Amino acid sequence: MSDSGISATPRPAGERAELLRIWATPQGWRLPSAVNNTVIGLFYLGAAFAFFLLAGIVALLMRTQLAQGDATFLSQDLYNQMFTMHGTTMMFLFAVPAMEALGVMLLPQMLAARDLPFPRLSAFAIWAYVIGGAVFFSTIFYGLAPKGGWFMYPPLTLTAYQPGDNADFWLLGIGFIEISAIAGAVEIVVGVLRTRPPGMTLSRMPIFGWSMLIFAGMIIFAFPAVILATMLLEIERAFGWPFFTAARGGDPLLWQHLFWFFGHPEVYIIFLPAAGLVSMMVPTFVQTPLIGYRLIVVALIGTGFFSFGLWVHHMFTTGIPSLSLAFFSAASIAVAVPSGIQVFSWIATLAAGRERLRLTTPALFVLGFLFIFTVGGLTGIMVALVPIDLQVHDTYFVVAHFHYVLVGGMVFPLFATFYYWAPAFSRRALSERLGRWSFWLMFVGFNVAFFPMHLTGLAGMPRRVWTYPGDIGWDGLNLLSTIGAYILAAGVLVFVVDLVRNFRPGGGAGNVWNAGTLEWLPNDVYSTRSIPLVTGRYPLWDQPNLARDVEAGAHYLPDAPTGGRETLVTSTVEAEPQYVLQMPGAGWSQVLAATFTAAFFLLLTIKLVWIAAVCGVLAVLFCLVWAWGLDPGPARGKVAVGAGLTLPSYMTGPQSHSWWAMVVLMLVAASLYIAYVFSYLYLWTVSPEVWAPAGAAPLPPLSRPLVAAAAFLAGLGLIVVAGRSLPPPGQRGWVAPIALVVGACLLATAVATEILGHIEMGLEPQATAYAAMVFLAGALAGQVVAAVLVMALFVAARILCARTDRERRNSFDHTLQLARYAVGQSLFGLLLVHGFPRLVA
C-alpha cells in the first residue's frame with residue numbers, strides 16, 4: 001500500500017512509453033506548434049525576460065542622459081520615446097507576462113496536473129503577446145514609438161498634440177496585449193479551481209496557487225478598464241468622438257480614472273504572485289511549514305480587494321473633493337496591513353525553522369526583497385498622506401518609491417525564483433558563485449541608483465524631464481544614480497552569463513532543496529507519471545513515499561485511458577474527482593490565429609484598414625478551425641483512471657470546465673461594461689448641459705427601445721428553442737440550426753434598430769460626449785452580439801455535421817450562455833440610454 005492507502009499494484013508494461021508518445025514535444029520547425037505547458041511557459045518567460053533586458057538597456061541610455069545637467073546625449077524627442085517605451089515595456093511586456101508565464105510553467109506541476117485545461121488558449125495568448133510585443137518594441141528603431149508616457153494622458157495624446165501613428169501603436173498594441181493577458185487569466189482561474197489533484201482542498205492548496213488565482217481575478221476586473229480607456233482614446237483620435245475634449249462635453253480626467261483603476265491594482269497584480277513565490281520558498285529554506293497559512297490567504301484576498309479602492313491615490317493633485325481625498329488616503333494606508341501580515345509570517349517561519357537559514361542565492365534574493373520592498377512600503381505610506389503627496393507629486397521621490405515597490409516586490413523575488421526552480425526544469429542547476437555575484441551587484445546597484453532619487457525629488461527635481469540646468473545642484477545625485485544603474489545592469493549581466501552557461505531545459509536535476517510541494521515530484525513531458533492523492537499542504541514531507549508511488553503509477557491516471565492527452569477535473573472546493581478532461585495536442589491553428597490577430601491590430605495602427613480586415617477574418621477562421629476539434633462528446637463513456645476509480649470522459653453544464661471559462665469571460669465583458677457605465681455617468685456629472693434632452697438631438701420615441709427590447713427577447717427565445725430542438729446523438733437536424741441562426745440575427749437586428757433610431761433623430765457621435773457615449777453603447781452591445789452570431793453559425797454547422805446534439809452540446813450551451821449575457825447587457829443599455837436622460841431631465 002502507498003502512503004495514501006492506494007494499492008501499489010504493478011502497472012502494465014508499455015504505459016510509460018505510450019504517455020511519452022502522446023505527450024511528445026514537436027521538434028525542429030514544428031516546435032512553435034507545441035502546447036505543453038513547460039515548453040510554451042518557457043517561451044513565455046524567455047520573451048518576458050528579453051523585454052526586461054531591452055527595457056533595461058533603454059533605462060541605461062536615459063540614465064546616461066541624466067548623469068549631468070544640460071546633456072545632449074539624447075534628443076528630447078528620442079528621450080520621450082525611450083521614457084514611454086521603458087515604462088510601457090516594463091509594466092505591460094515584462095511584469096504581468098512574466099508572472100503569467102510562471103503560472104503557466106509552475107501551476108500544472110504544483111497541482112500535479114498533466115497541463116492547464118486550455119493548452120491552446122495558453123499558446124494563443126503567448127504567441128499573440130510575443131508577436132505583438134516584438135513589433136511594438138521595434139517602433140523605437142523607426143522613430144514611431146509612442147512618446148506620451150506609459151500612462152498616455154490626454155489631451156496631450158490627442159491628435160492635435162500628437163499627430164502621426166506613434167500614439168496609435170501604444171493604444172492598439174497595448175490594448176491587444178491586455179486581451180492576451182486576459183486569455184491567460186481565464187486559463188489560470190479554471191486551472192486552479194478545477195484541475196487540482198484529488199485531496200488538495202482549497203485549504204491545502206499551495207500559496208502560489210492562491211496568489212495566482214487572485215492575480216487572475218484582479219486581471220479579470222482591472223484590465224477591462226484600461227481596454228475601454230484605450231478604445232475611447234483611439235476612437236477619438238481616429239473618428240473625433242469627443243470623450244476627452246472638454247469643449248464638447250468630454251473630460252481628460254476620465255482617462256485618469258479608467259487608467260488608474262487598472263494601474264494601481266496592477267502594482268498588486270505584479271506583487272501578489274511574487275509574494276506567493278516567496279511563501280513557497282521560505283518554508284523550504286528552513287524545512288518548516290509556513291506559519292500563518294490561513295492569515296496569508298486572507299491577506300492575499302484583502303490586498304486584492306483593497307487595491308480596487310486606491311486608484312485616486314494617483315490623482316490627489318487633480319482637485320478632487322476633500323472627502324474623497326480622505327477616503328482614498330485612508331485606503332492607501334490600509335492596504336499596507338495585508339502586506340505586513342505576509343512579511344511577519346515569513347519572518348516567523350524563518351525564526352521557527354527546524355533548520356538554520358542557509359544563505360543560498362535564492363535566500364539572498366528573498367532577503368533583498370524583504371529589505372527593498374519594506375523601504376518602498378514605508379515611502380508608500382508617506383505618499384498616501386495628502387500633504388506629503390502634494391509636495392512630492394511628479395518629483396523623483398515618486399520615481400524612487402515605485403521602483404522600490406516594483407523592483408523590490410517583483411524583480412528580486414523573480415530572480416530568487418529563477419535560482420530556486422531552475423533545477424526543476426533544467427538538467428543543471430544555476431551557479432551559486434555567479435548567483436551570489438549577481439545578487440550583490442544587483443542589490444548594491446539598485447540602492448545606489450534609486451535611494452538618491454528620494455533626495456533628488458525632495459530637492460525639487462521633476463520627473464519626466466529629459467534634461468535640467470547644470471548649475472541647479474542636482475548633478476551629484478544624478479551621477480550617483482547613473483553609476484548605480486550600471487552596477488545593477490552588471491548584476492543582471494552576470495545572471496545572463498550564468499543562464500547561458502548552465503540552464504539546459506530537460507528532465508530536471510531533482511529535488512535539490514528537499515522541498516515539500518508537488519512540483520518536485522519526478523516528471524517528464526507528461527508531467528507526473530500518475531496524479532497523486534494529497535493528504536496535506538506539503539505532500540512530499542507528509543507522505544515520504546509519495547514520489548516513489550507516483551512514479552510507479554500507483555495513483556490516478558497512470559495511463560491514457562482515452563488514447564490522447566488528458567488530465568483529471570476535480571470539484572472546486574474539496575477536489576473530488578469528477579471526470580477526465582480530454583485535451584488537444586500540438587497544432588498550428590492557435591499560432592496562425594495569434595499571428596493574424598496581431599496583424600489585425602498592428603495594421604489598423606498604420607491605417608491599412610482593408611488588409612487589417614482580411615487578417616481579422618482569417619484570425620476568426622483559424623479560431624473556428626481550432627475550436628472545431630474540441631467538444632469530443634461522450635462516445636468513450638466512463639474510463640478507468642486507476643486506484644479502482646471509473647470516471648466519465650465528458651461533462652456538460654456547470655460541472656464542465658469550459659462552462660466555468662465562459663463565466664469568467666462574461667465577467668470580463670461585464671467589467672468592461674461597468675467601466676462604460678461609470679464613464680457615461682461621470683461625463684454626465686461633468687457636462688450635464690450636453691446631455692439629452694436639453695443639449696443634444698431629441699431622444700427617439702419610446703417605441704424604438706421597446707421594439708429593440710422585444711427583438712432581443714425574441715432572439716434569445718429562439719436560441720432557447722434551438723437548445724430544446726437539438727437532434728438525438730449522431731443525427732443531424734434542421735430546426736435547431738435555423739432557430740439558432742435566426743435568433744442570433746434577431747439580436748443583431750435589435751442592435752441595428754437602436755443605433756438607427758438615434759441616427760434618424762439627427763444625433764452625431766462627433767458632436768458631443770453624450771452623443772459619443774450613446775453610440776458607444778450600441779457598439780459595445782454590437783460586439784457581444786457579433787460574437788454570439790459567429791458562435792451561432794459555428795454551432796449550426798456542427799449540428800448539420802452531426803457534431804453537436806442533445807448529449808454533445810457544450811458548444812451550444814456556451815453560445816446560449818453568451819446570448820443570455822448579451823441580452824442582459826443590451827437591455828440594461830437601453831434602460832440607461834433611454835431612461836436615465838428622461839429621469840434627470
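**A tour from sulfur to helix pairs**

Now select C745 and look back: its closest cysteine sulfur is the one in C801, at 19 Å. A search of the whole structure finds zero disulfides (a disulfide is a pair of cysteine sulfur atoms within 2.5 Å). C801 is partly exposed, at 40% relative accessible area (buried is under 20%, exposed over 50%, partly exposed in between, with a 1.4 Å probe and protein chains only). C745 is also partly exposed, with 36%.

Before moving on: this is a predicted model, where local features need pLDDT of at least 70 and side-chain atom pairs count only at pLDDT 80 or more, while totals for chains, interfaces and linings use all residues. Residues are numbered from 1 along each chain as its sequence is written, and side-chain values use heavy atoms, with hydrogens and water left out.

**Helices α18 and α19**

Select residues 589-605, helix α18, and 609-628, helix α19 (helices are DSSP runs of H or I with at least four residues, strands are E runs of at least two, numbered from the N terminus). Their axes come within 8 Å and cross at roughly 160° (axes are lines fitted to C-alpha atoms, for helices over the stretch in contact; angles run from 0 to 180 degrees between N-to-C directions). That makes α18 roughly antiparallel to α19 (over 145 degrees; under 35 is roughly parallel, 65 to 115 roughly perpendicular, the rest oblique). The crossing of α18 past α19 is left-handed (the near helix is turned anticlockwise from the far one by less than a right angle; clockwise is right-handed).

Show side chains next. Among the α18 residues in contact are L592, F596, F600 and L603; the α19 side includes I611, L618, F622 and W626 (contact means heavy atoms within 4.5 Å). By class, this contact has 18 nonpolar, four polar and no charged residues (Ala, Val, Leu, Ile, Met, Phe, Trp, Tyr, Cys and Pro are nonpolar; Asp, Glu, Lys and Arg charged; the others, Gly among them, polar).

**Helices α13 and α15**

Select 396-425 for α13 and 475-502 for α15. These helices pack at about 20°, with axes 13 Å apart. They are therefore roughly parallel to each other. The crossing is left-handed here too. F415, F418 and Y419 in α13 meet V492, F495 and D498 in α15. The contact divides into five nonpolar, no polar and one charged residue.

What does S438 touch, not counting residues up to four places away in sequence? F365, Y419, G491, V494 and F495. S438 counts as buried, at 0% relative accessibility.

**Loop stops**

Go to R356, in the loop between α10 (336-351) and α11 (361-384). Buried or exposed? R356 is exposed, at 78%. Draw a C-alpha to C-alpha distance to Q287: 8.9 Å in space, 69 residues apart in sequence.

Select P154 and P155: the peptide bond between them is cis, with omega near 10°. P155 sits in the loop between α4 (119-138) and α5 (166-194).

Next, A112, in the loop between α3 (76-110) and α4. Its phi is near 55°, a positive value in a residue other than glycine. A112 counts as buried, at 0%.

Finish at N514, in the loop between α15 and β1 (523-524). Phi of N514 is near 55°, again positive in a residue other than glycine. N514 is partly exposed, with 43% relative accessible area.
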